Amino acid sequence: MGRKSAKGKEKKMKRKEEKAKILAAMKVVEAADKLEDPMATLLPFKKFNRNGLTLSIECSRVTDMDKDSIDWAFNLTKANMQTLYEQSNWGWTEREKREEMEHDKAWYLVAKDQDGCHQGFAQFRFDMDFDDEVLYCYEIQILNEVRRKGLGKFLMQILELIAHKTQMKKVMCTVFQNNKTATAFFTKNLKYVIDETSPSEYDPMNPEDYDYEILSKPIAKKEKVVSKEDEENKAAFKTAVEALS
Ligand SMILES: CC(C)(COP(=O)(O)OP(=O)(O)OC[C@H]1O[C@@H](n2cnc3c(N)ncnc32)[C@H](O)[C@@H]1OP(=O)(O)O)[C@@H](O)C(=O)NCCC(=O)NCCS
């Protein structure tokens, strides 16, 4: 047997580096998901005082939420979304939606007024999307009476800040093409773009097969401060590459 070509070695090295990057990204997701309160360092964002609304905002894991709050979130989602789901290829399945909304990995931002009445929420997960660490927004639902007062945008901005703090690569969401309000909200106002994983990107020849888009916004990496932790992360990355050798 002769020697392996330099090209082959290079390819193998690249594969190892890619694997190590994915492992590192999974660790970032795991660390984010272990946080006690992802809003702990975002105290000014726990209040929303605008356009006649005085609200408080809390971030909790679904497993720490009371049943009434979960039921309220489900019922609002059903009221706002059932028809859109029924018009799509997905259809509306109450059991599946409940399971998704009560999944162990689900986190919620919930906005309540001074009487403790729920006004809106965002549901999200820290997750891997293909090889990327992302904050995936599964739902954003605002009561009809308090829409167009900036609350939806405020909740999305909190998600973007959380994504930044936890080192996620992007914030993602899925939007039905016929949900014109949500499309305007995400693309025109919040500047989300069609993600490379959206069917209209990877399968543009069959647009009639899909009635949704996957949207995303990249999140700028934290300023590079070379700290002890950075050094440790670098060392962990090197060890991971070596372990895969
Ligand atoms: C989409 C939704 C979350 C927006 O929440 P909101 O609190 O009303 O939105 P905001 O007040 O923060 O709006 C921010 C901007 O988004 C855009 N926008 C919001 N609603 C819009 C609408 N109905 N038509 C056009 N643009 C809209 C506007 O640019 C708006 O800024 P402006 O009011 O200064 O013009 C809300 O309409 C909702 O809960 N809809 C039903 C559920 C839903 O479809 N969720 C999305 C699932 S993917």
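A polar contact here is a pair of N or O atoms within 3.5 Å. With that in hand, welcome to a predicted model in which 20 residues surround the ligand.

**Around the ligand**

- Among the 20 residues around the ligand, the closest are Ile140, Ile142, Gly150, Gly152 and Asn179.
- Ile142 is one of these closest residues, and a polar backbone atom of Ile142 lies 2.8 Å from an oxygen atom of the ligand.
- Gly150 is also on that list, with a polar backbone atom 2.8 Å from an oxygen atom of the ligand.

**Helices H4 and H5**

- Helix H4 covers residues 151-165 and helix H5 covers residues 180-189; their axes are 12 Å apart and meet at an angle of about 55°.
- H4 and H5 are therefore oblique to each other, and H4 passes H5 in a right-handed crossing.
- On the H4 side, the contact is made by Gly152, Lys153 and Met156, while H5 brings Phe185, Phe186 and Asn189.
- Sorted by class, the residues of this contact are three nonpolar, two polar and one charged.

**Helices H2 and H3**

- Helix H2 (residues 67-86) and helix H3 (residues 94-101) have axes that come within 11 Å and cross at roughly 130°.
- That angle makes H2 oblique to H3, and H2 passes H3 in a right-handed crossing.
- From H2, the residues Ile70, Asp71, Ala73, Phe74, Thr77, Lys78 and Tyr85 meet Glu94, Lys97, Arg98 and Met101 of H3.
- This contact of H2 with H3 has five nonpolar, one polar and five charged residues.

Methods: Residues numbered from 1 in each chain as written. Predicted model: local features only at pLDDT ≥ 70, side-chain atom pairs only at ≥ 80, totals over all residues. Heavy atoms only, no water. Axes fitted to C-alpha atoms, helices over the stretch in contact; angles between N-to-C directions. Helix = DSSP H or I, 4+ residues; strand = E, 2+ residues; numbered from the N terminus. Parallel < 35°, antiparallel > 145°, perpendicular 65-115°, else oblique. Left-handed = near helix turned anticlockwise from the far one by under 90°. Contact = heavy atoms within 4.5 Å. Nonpolar A, V, L, I, M, F, W, Y, C, P; charged D, E, K, R; others polar. Near = heavy atom within 4 Å. Polar contact = N/O pair within 3.5 Å; in protein donor to acceptor, adjacent residues only side chain to side chain.
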